[in-house]
Amino acid sequence: MSTTTHDTLATAHDDHHHGAPKGLMRWLLTTNHKDIGSLYLWFSFIMFLTGGAMAMVIRAELFQPGLQLVEPNFFNQMTTVHGLIMVFGAVMPAFTGLANWLIPMMIGAPDMALPRMNNWSFWILPFAFAMLLGSLFMEGGGPNFGWTFYAPLSTTYSPDSTALFVFSIHIMGISSIMGAINVIVTIVNLRAPGMTWMKLPLFVWTWLITAFLLIAVMPVLAGAVTMVLTDKFFGTSFFDAAGGGDPVMFQHIFWFFGHPEVYIMILPSFGIISAIVPTFSRKKLFGYSSMVYATASIAILSFLVWAHHMFTTGMPVFAELFFMYCTMLIAIPTGVKVFNWVATMWRGSMTFETPMLFAVAFIILFTIGGFSGLMLAITPADFQYHDTYFVVAHFHYVLVTGAIFSIMAAAYYWLPKWTGHMYNETLGKWHFWCSVIFVNVLFFPMHFLGLAGMPRRIPDYAVQFADVNQIVSIGGFAFGLSQLIFLVVVLKCIKGGKPAGDNPWEAAEGLEWSIASPAPYHSFTTPPEIK
C-alpha cells in the first residue's frame, strides 16, 4: 500500500476512538499493539539494567577471594533474583514486545487478535516484579535458593518471602500464557489473504512455535511453585522424603518446564537472525522450509531432554543414556540453522551495519554456547562439569550472546521503522564492539574456572582462582557500562535524526517495510494482497 493512502487513513481515523490518545492514560488503557510492544520493550530494558546491577554485586564480591562486600545470604539472594529477573523480566518480555510490534505488521493484520487481553497481559507484569523485588526487603530477606529453587532449599530452609516469590511467578506465568494465546490466535486468524503458512516470515514462525511451548510448560512451572508453597506453609510433603515425598521429583518437574523454557528464550532469536542476515547479505534466506522444520523439531525434542540437568542425581544408566542421546540429537536441527545462515552469507554482497554485526556475533558466539552444551550432554563428562563455572559460561553464551544479542540486533534493525529516524551508526558500532569484546572477557575465562573445579553460586573461593576472577569481574563491569551506550542510541533515535525511508535498508523484504516510517498508529486497516 502506498504511503499516501496510509496518511489519509491515519487522518481519517484520528478521532478519539482511533488516533493515539495523549498523556498517561494512553499507556494505561492502550490496546494498540505498537504501544503495548513499546511498553514491553521499555519494561524489559529496565529489568535488564536491574538484573545487571545485581550481577555487578555478584562480580564485585567475587573480585577477590574472601568475603568483602556482602554477607553470604545476601549474595545468594542476588544470584537468585538476578536469574529470575533476567529470564522472566528481561529476555521473555523483550521477545513479547518484539512480537507485539512486528507480528501484525509482518502478516498484514490491523492489530493483535485480542487487544484488551494484550493490555492486561502487560500491566500485570510490573506488579509481579515489584512483588519479587519487594521480597528482598522483608525480614529474612528475599528468595535465596537459586533461580531453579530446588527443594528442600526452597521449602524447609527458605525465608518467609517465599510466598511472595511464588505469587510473583504465578503472575508472570499468567502473563506469558495470555501473550502466547494472543500470538497464536493472531497468526492463525489474521494473516493477509494469500499469506500461506510457507510464506510466513521466519520470525512469525519461530514465535508461533514458541507460543505453543509457553502454553505447554507454564502450567508445569505453576504446579511446581504451588507444591513448594504448600510444602512450606501448609504441611504437605511433595518433596520431603520424611513424609513420603521425593526431592528429586522436584527437579524432574522443574526441568520439564525449564528445558523447553531455554528454547522459548532462543527460538525467537532464530527468527530475528533469519530476517537480518538475508537483508545485509542481499540474498534470499537459504533453506527456508528446512528452517521451519528445524524449529519445529527443536520444539518437540526440547520435551525429551530435561533430565540432562540431573545426570548427577543417581538416575539409572538407561535413563542417562536416553537423555544423553536426545540432547546430542537436538544439536542437529540447531546446526541446520547455523549452516543455513552461513550459506545465506556465502557469496552475498554483505555490508556490516550494526544489526548485521550483532547477527554475525550471535552466530559465532551462540555456536560456542552450543558446543559447550554438547560437552555437558556427555554424561561422564557432565559429572565433572556439573555445578561448576563451566555451566555458568555455557548458559551465558546461549542467553547473553544468544538471546540478548539477537534482541539488540532486532532493536537496531527495526528502530528506523518504529521511530522514523536512523540511529547513530557510529555510536551503534561503539556499543557493538564494547559489548562483544567485554562479553568474552566476562564469560570465556569462566570455562577454565569451571574445568579447574570452581563451584558456582558461592561468595568465596580458593585463592588459586583469584586472578581469573579479577579478569572476569572487570569484563563484567565493562560489559554492563557498555549497555548505557545502547540507551543513548535509542533515546537519540527517538528524539530525532536522519529521516528513515519506508525501507531504510533497501534490501529488506517483508510487509512491515511496505508501510510508512514511522509506522502509523494503525497499519493495514485494509489487508494487503500477497501475490
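How are helix 3 and helix 16 oriented to each other, roughly parallel or roughly antiparallel? This is a predicted model, in which local features need pLDDT of at least 70 and side-chain atom pairs count only at pLDDT 80 or more, while totals for chains, interfaces and linings use all residues. Residues are numbered from 1 along each chain as its sequence is written, and side-chain values use heavy atoms, with hydrogens and water left out.

Two packed helices are described by the angle between their axes and the distance between the axes. Helix 3 (residues 33-61) packs against helix 16 (residues 466-495) at an angle of about 160°, and their axes are 10 Å apart; the axes are lines fitted to C-alpha atoms, for helices over the stretch in contact, and angles run from 0 to 180 degrees between N-to-C directions. Helices are DSSP runs (H or I, at least four residues), numbered from the N terminus. The two helices are therefore roughly antiparallel to each other, a term for angles over 145 degrees. Their crossing is left-handed, meaning that the near helix is turned anticlockwise from the far one by less than a right angle.

On the side of helix 3, the residues that meet helix 16 include Trp42, Phe45 and Phe48, and their counterparts in helix 16 include Phe477, Phe486 and Leu487, where contact means heavy atoms within 4.5 Å. By class, this contact of helix 3 with helix 16 has 12 nonpolar, 4 polar and 1 charged residues; Ala, Val, Leu, Ile, Met, Phe, Trp, Tyr, Cys and Pro count as nonpolar, Asp, Glu, Lys and Arg as charged, and the others, Gly among them, as polar.

A second pair is formed by helix 4 (residues 72-107) and helix 14 (residues 389-419), which pack at an angle of about 35° with their axes 11 Å apart, and here too the crossing is left-handed. Among the residues making the contact are Phe95, Trp101 and Met105 of helix 4 and Ile404, Trp414 and Trp418 of helix 14. The residues of this contact of helix 4 with helix 14 divide into 14 nonpolar, 3 polar and 1 charged.

Side chains of opposite charge can pair when their charged atoms come close. The whole structure holds 4 salt bridges, each defined as a side-chain nitrogen of Lys or Arg within 4 Å of a carboxyl oxygen of Asp or Glu. One of them joins Arg26 and Asp35 at 2.6 Å, N to O, and Asp35 is buried, with a relative accessible area of 3% (buried means under 20%, exposed over 50% and partly exposed in between, with a 1.4 Å probe and protein chains only).

Another salt bridge links Glu509 and Lys284 at 2.7 Å, N to O. Glu509 lies in the segment after helix 16 and Lys284 in the loop between helix 9 (267-281) and helix 10 (288-301), so the pair ties together parts that are 225 residues apart in sequence; both Glu509 and Lys284 are exposed. By contrast, Glu425 and Lys429, whose side chains meet at 3.3 Å, N to O, both lie in helix 15 (residues 425-451), 4 residues apart, about one turn of the helix. Glu425 is partly exposed at 24%, as is Lys429 at 29%.

Finally, Asn119 in helix 5 (residues 115-134) is buried, at 12% relative accessibility, and touches Leu28, Leu29, Thr30 and Ile36, not counting residues up to four places away in sequence.

Definitions and conventions
Angles under 35 degrees count as roughly parallel, over 145 as roughly antiparallel, 65 to 115 as roughly perpendicular and the rest as oblique.
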